Protein chains: 2
Amino acid sequence: MSNLSSNLSSQERAGIGRRRRCVPVLRAALLVLALPLSAAAQNAASQNATSRNTDSLRPGPLIIDKQGSFFVGGRDIRSETLSSVPNHTATGTITVEQIYVRYQIPAGVTHASITFIHGCCLTGKTWETTPDGRMGWDEYFVRSGYPTYVIDQAGRGRAAADPSAIGSVRLGRAPADRLPVVFSAGHEIAWDIFRFGPQYGQAFPGLQFPLESQAEFWKQMVPDWSEALPSPNPTVSALSELAIRLGGTILVSHSQSGLYPFQTADLSTAGIAGIIAIEPGACPAATADMQPFTRMPILVLFGDNVETSRRWAPRLKACKAFVAAARQAGGTVELVQLPDIGITGNSHMLMQDKNSLSVADFLSGWIDTHIARPSQE
Amino acid sequence: MSNLSSNLSSQERAGIGRRRRCVPVLRAALLVLALPLSAAAQNAASQNATSRNTDSLRPGPLIIDKQGSFFVGGRDIRSETLSSVPNHTATGTITVEQIYVRYQIPAGVTHASITFIHGCCLTGKTWETTPDGRMGWDEYFVRSGYPTYVIDQAGRGRAAADPSAIGSVRLGRAPADRLPVVFSAGHEIAWDIFRFGPQYGQAFPGLQFPLESQAEFWKQMVPDWSEALPSPNPTVSALSELAIRLGGTILVSHSQSGLYPFQTADLSTAGIAGIIAIEPGACPAATADMQPFTRMPILVLFGDNVETSRRWAPRLKACKAFVAAARQAGGTVELVQLPDIGITGNSHMLMQDKNSLSVADFLSGWIDTHIARPSQE
């Protein structure tokens, strides 16, 4: 897709490097000049300076205007099998299918908000501190002036799953095939899914994923209840509600959640400022109605070693067909493979790779070019 | 236990109110004086000023020195039944029994860190934004100068459960009674557990819990896999590892996790600066070895309407017996019932009650009296 990646101007590609080089000077200036600035100006300058730090620099303080967490969506269900614990009643009402959202809004917002949607067998942790202890995208984008919203999908992490079927089968009230299909990815299969290397224990040459910290990464993985949920996944309608509430957010999906932003746009394009699909497990079919996808800029992003992957090559191909169809329909849609713009070695977990902040800077450049900034007060 | 609560000095009780009254003056001074302070002093003053805001005031910016998330503990297990999804292998290695930890360290640390440990059927969300949208203790204590660490217990929230038994039974390789005991608390039983009122749908007079936002609260509840985990819960050894790593943290438990800090101290008292057990589901037996509990200050805290609760009155009584035994052994251990110090109407979820920041201020006062501040640089 070099024809698509060539849509990126050389200025845009060079932008990251230029901003990076400004950092030491700006930091030094702040230290020397001490406090001739207003508090607001100082905060903004400080956030900006630290946002472009390389990993090896200790970032300055993070200045948060507001943070917190809440849920979106969800519905009440009655169950007779909430428990097989002897001392607790098994009958009652529980609330399920909501998504959990944690957010941080920086002092000095300069960009539209980003909503981060994790993939299979993972939670919102995906976007936080990397396995080797570097800053996650959740904070990096806040430091770059974006409010960030990190979700746990319905039925995952801090968003409740419905355990009724487990209770039903355990209590002998339902057959075993009524149990939910719950999927945990073992390290061995995950090695292939996340494209760490050609076979378990072996890394691709130049791999950017911090394999020396893989033990910490494996702890991020959780059982995936997606197959036990209605289709489309209730996360989709919750994302629509969230986007409308935020009044314009960039939906950033990953892997298994790849289709969700597109399904959300199918429900309603209201509140969706843009879509960034990072290595989507699926793109919309090329034969689908493309009208919703002409209403916001869309970027589909893939890392390295994709074409040679039995698992990922067909997905890349299908996404290319989708992108061609959406462009044909008049959409501002592009697909970028990182090696085509000189960023190599990225795994499927590119938000955790050692060059994760370079990838973030590329995304930030794409957003700057394609998505309007919020109007100043 | 008025004899125990009377250990709190009247100065200590009055302290919160005094600090609160300083806020408007200090805020105004900051606005007028603009920037005659060093950046560090200004940050500290700003954090301090905002930390004593009442709920109705818009707090100032939150200045974070460092934040992130990581896991502690965990072990690898082999499983043949990780999945019943046709396209995914069921054989592999997964990592389970770790705890998830999210932390924020404020600019200008003035106190020992706090580790917040949630209770039954809940996650670390317990300590975040309240159901009616007010600031959670996680942020309030950061604003008060405490590094805060919020965990998800092993097998809950972002800390993986082991689904192997579900797969085994679903695939016909194990009988139904091998299924994990997973417990979800329905709204109806939770109403009683959390002491919202004498019966479902009816509130205690003067109840502080924001029942008008109960729909948001129910979404916090998740299935509880504790019964399916080894005993003691693997969270305990992970807490010990965390405490040692932090080099001195106050373990704050709630409800089902009430025993965990005591079990942690039984393993090793290293790194435990203090224990605050909020409405513990259980205290150590009065006949237990009290030596570990003489090594750090301990506060057991209960809210309102406890003595009349069939569920909670026996727990209060047992905790009083423990406290008496620990004091007898020479420990600095006290039990406080909030009504005895003039704070009334609190439910079991007192960190979310409308007066949650008053309760936080009481705890902060207790900590100031009992736990040494970190030495200044």
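What you're looking at is a predicted model, where local features need pLDDT of at least 70, side-chain atom pairs count only at pLDDT 80 or more, and totals for chains, interfaces and linings use all residues. Residues are numbered from 1 along each chain as its sequence is written, chains are lettered from A in the order in which they are written, and side-chain values use heavy atoms, with hydrogens and water left out.

**How the two chains relate**

**What makes up the interface**

- Chain A puts 73 residues into the contact, and chain B puts in 74 residues.
- Across the interface, 36 residue pairs are in polar contact, both at pLDDT 80 or more (a pair of N or O atoms within 3.5 Å; within protein, one must be able to donate a hydrogen and the other to accept it, and residues adjacent in sequence count only if both atoms are side-chain atoms).
- Among the elements that give two or more residues to the chain A side are helix H3 (39-51), strand E2 (92-106) and helix H5 (164-170); helices (H or I, at least four residues) and strands (E, at least two) are DSSP runs, numbered from the N terminus.
- Strand E1 of chain A gives the largest share of that side, 13 residues.
- The chain A side divides into 32 nonpolar, 23 polar and 18 charged residues.

**Strand to strand**

- E1(A) is joined by three bridges to strand E1 (residues 62-79) of chain B, and the two run antiparallel (strands pair if DSSP finds at least two bridges between them).
- Ile64(A) has Leu62(B), in E1(B), as its bridge partner.

**Salt bridges**

- Over all chains, the whole structure has 30 salt bridges (a side-chain nitrogen of Lys or Arg within 4 Å of a carboxyl oxygen of Asp or Glu).
- Between chain A and chain B, the count is six.
- Arg78(A) and Glu188(B) meet in a salt bridge at 3.1 Å, N to O.

- In chain A, a cis peptide bond joins Ser231(A) and Pro232(A), with omega about -5 degrees; Pro232(A) sits in the loop between H7 and helix H8 (235-246).
- Chain B has a cis peptide bond between Ser231(B) and Pro232(B), with omega about -5 degrees.
- Glu97(A) has a positive phi of about 75 degrees although it is not a glycine, and Glu97(A) lies in strand E2 of chain A.

Definitions and conventions. Contact means heavy atoms within 4.5 Å. Ala, Val, Leu, Ile, Met, Phe, Trp, Tyr, Cys and Pro count as nonpolar, Asp, Glu, Lys and Arg as charged, and the others, Gly among them, as polar.
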